Amino acid sequence: MKNNKTARSYLVNTLVIAAAFILFQVLTGLFGSEGDFKLVLVPSLWQCCYLILLAASLNLVLGFLGQLSLGHCGFMAIGAYTAALISLACERAGVFTDKAGLVYILIIFGCIIAAGLLAAVTGLLVGIPALRLKGDYLAIITLGFGMIIVNVINNLPFCGQDGLSQGSAAASLYKTGLGFGSKAKVTYLWIALVVTILCLTLMFMFVRSKYGRAIRAIKDDEIAASASGINVSSYKVLTFTYSAFFAGVAGALYACANSSLSTSSFAFTNAGILNSTFVVVMVVLGGMGSLTGSIVAAVIMFFVNYQIANGSWVAALPPFLNGVFKYPMLVYAVVLVIVIIFRPRGIFGTYEFSLTRLPEDVKKARARRAAAKAERKEAVSHG
Amino acid sequence: MAENKVPVLETKKLGINFGGLKAVSDFNIQIYEGELRGLIGPNGAGKTTVFNMLTGVYEPTEGTVLLNGVPLNGKKTHQFVAAGIARTFQNIRLFGQMSVIENVKVAFTKDVKYNLLDASLRTRKFWKAEREMTDKAMELLSIFGLEDAAELPASSLPYGRQRKLEIARALATDMKVLLLDEPAAGMNPTETAELLDCINTIRNRFGIAILLIEHDMSLVMNVCERIKVIDYGVTIADGLPEEIASNPRVIAAYLGE
């Protein structure tokens, strides 16, 4: 009986996702040529997709495994450069000439998978030595590895400063390799959505299996976990590698969404949206240990970032306030502090959204709120 | 106990130094299947250090630990568990944020056969393994009367039940020797009596060897077949409970000379 229930919830989820997807495609078809849709909404969705993947993948390490890693963007950089270089190479070898057709789509997916795999291999190589450390020390060493990765890419002759990020090579990514223009972004939006949904599903499956149980046990108590027969270090490395894979995929989506790549956008000192602390903020905001939270937080942080950069209300602010928004990192820090004060466990805590369980959850939440209210009333009447 | 049988757990001249301090030295013990051994000693005698050596947390500086005659030198904690030595902790260590049943399931992890691909694709193998795990976990919980609390977070259980859950989790690792580190610490007499029942039940049911550290003398004297006493890391007595109770060296160690 229980099995039936699971099967039904899978069916419901698949149907809902499929329906939402078809609806979206229809809407895309209707509005595809409109200005705002093409120039604002679609690029935003692309950005949200890779931010969601980035936050969710870091959540595996930070939220479920409980290890602070500050080098997550390094893996994303590896993914982005891998995808870009492979696509450029394919184009130069004449595998595809225009950005259409089955071959091109296959190449895109090939690039995405290759990006994930290379990032995972790097994650493995970084994880084996780094995960011997804990807490602050791990944070520092991953921060260092993140910077090393970016510097290595910078100094490789075929990418980095003289490669993809400057001059003709930058333009070539847009004209030839992946790098979609605004029109191609609309056409291939489905790729971003499908890849994101697939990766999120894989992460959910990982969390809800013996692997998820083992890493949550490690987070709660490492000594007890090893006393329960769990090989703590191998599970840590596995999770780190798995997480790096999805960061790499996020990087590949980033490469698709941009006409040029520059290592400075992945650097730790980058004040924009793509630095490893920003990803940590997203995870903490959403709730460490909730993939749902990561998804929501990624969208929220994207919106905050977008408003800071493009919102007309920012320009209308008095100058002394306006100045604050010149330093987006400051705003993220304030957001983080506010979250920590009012919801120390993040927006969602460890709660996961589920379509089939939704009515139940709502009922429970109502009951809880009513109980809290009654308690408060009682406290007041006693006082 | 037949003397020609191989002991389940045996230590030979086990000892450890921390810097210049000899915490435990020349610790020899043989535990046979189905036997319940007590290990007592005053505070700081080195009892928990012995446990830590028996579970691979500390690497002994001398001597060996043998399980069914196989030496376990240089292995890590999880390998000790895989070999068949499970333990509980003096200060309860549960996975507080996980549910009661998940706490038990974690201990099954090492024996679960499916891999990452099975988990990602939710294959038949995955479902079968997960179902079996749930059934086995519920069975274990029902032995300890915890089945009604299966979905509650482990940290919400009262102290006595947390102890039981910890023992259930240790049993779930499918071990041959169970090491209990002061299971009755902080319990009231009723809870201690319940625990005693528990220990007897699992002994009869699983036929495992148990090594028990305890301060509660009534518990030790009641359930243990043989008792070993250590003080300052040195064995000062080993024998039947009656012998121990009247041993002048033990009395001196506990009450002061």
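**Exercise 1.** Is B:Arg205 buried, partly exposed or exposed, and what is its relative accessible area?

*Solution.* The structure is a predicted model. The relative accessible area of B:Arg205 is 48%. Partly exposed residues fall between the buried limit of under 20% and the exposed limit of over 50%, so B:Arg205 is partly exposed.

**Exercise 2.** Identify the salt-bridge partner of B:Arg205 and locate both residues.

*Solution.* The side chain of B:Arg205 forms a salt bridge with that of B:Glu139, at 3.7 Å from N to O. B:Arg205 belongs to helix α7 (residues 189–206) of chain B and B:Glu139 to helix α5 of chain B; the two are 66 residues apart, and the pair thus links distant parts of the chain. B:Glu139 is partly exposed, at 46% relative accessible area.

**Exercise 3.** Describe the salt bridge between B:Glu132 and B:Lys128 within its helix.

*Solution.* The N to O distance is 3.7 Å. Both residues lie in helix α5 (residues 124–143) of chain B, four residues apart, which is about one turn of the helix. B:Glu132 is partly exposed at 43% relative accessibility, and B:Lys128 is partly exposed at 49%.

Note on methods:
Residues numbered from 1 in each chain as written. Chains lettered and ligands numbered in written order. Predicted model: local features only at pLDDT ≥ 70, side-chain atom pairs only at ≥ 80, totals over all residues. Heavy atoms only, no water. Salt bridge = Lys/Arg side-chain N within 4 Å of Asp/Glu carboxyl O. Buried < 20%, exposed > 50% of the residue type's maximum accessible area, 1.4 Å probe, protein only.
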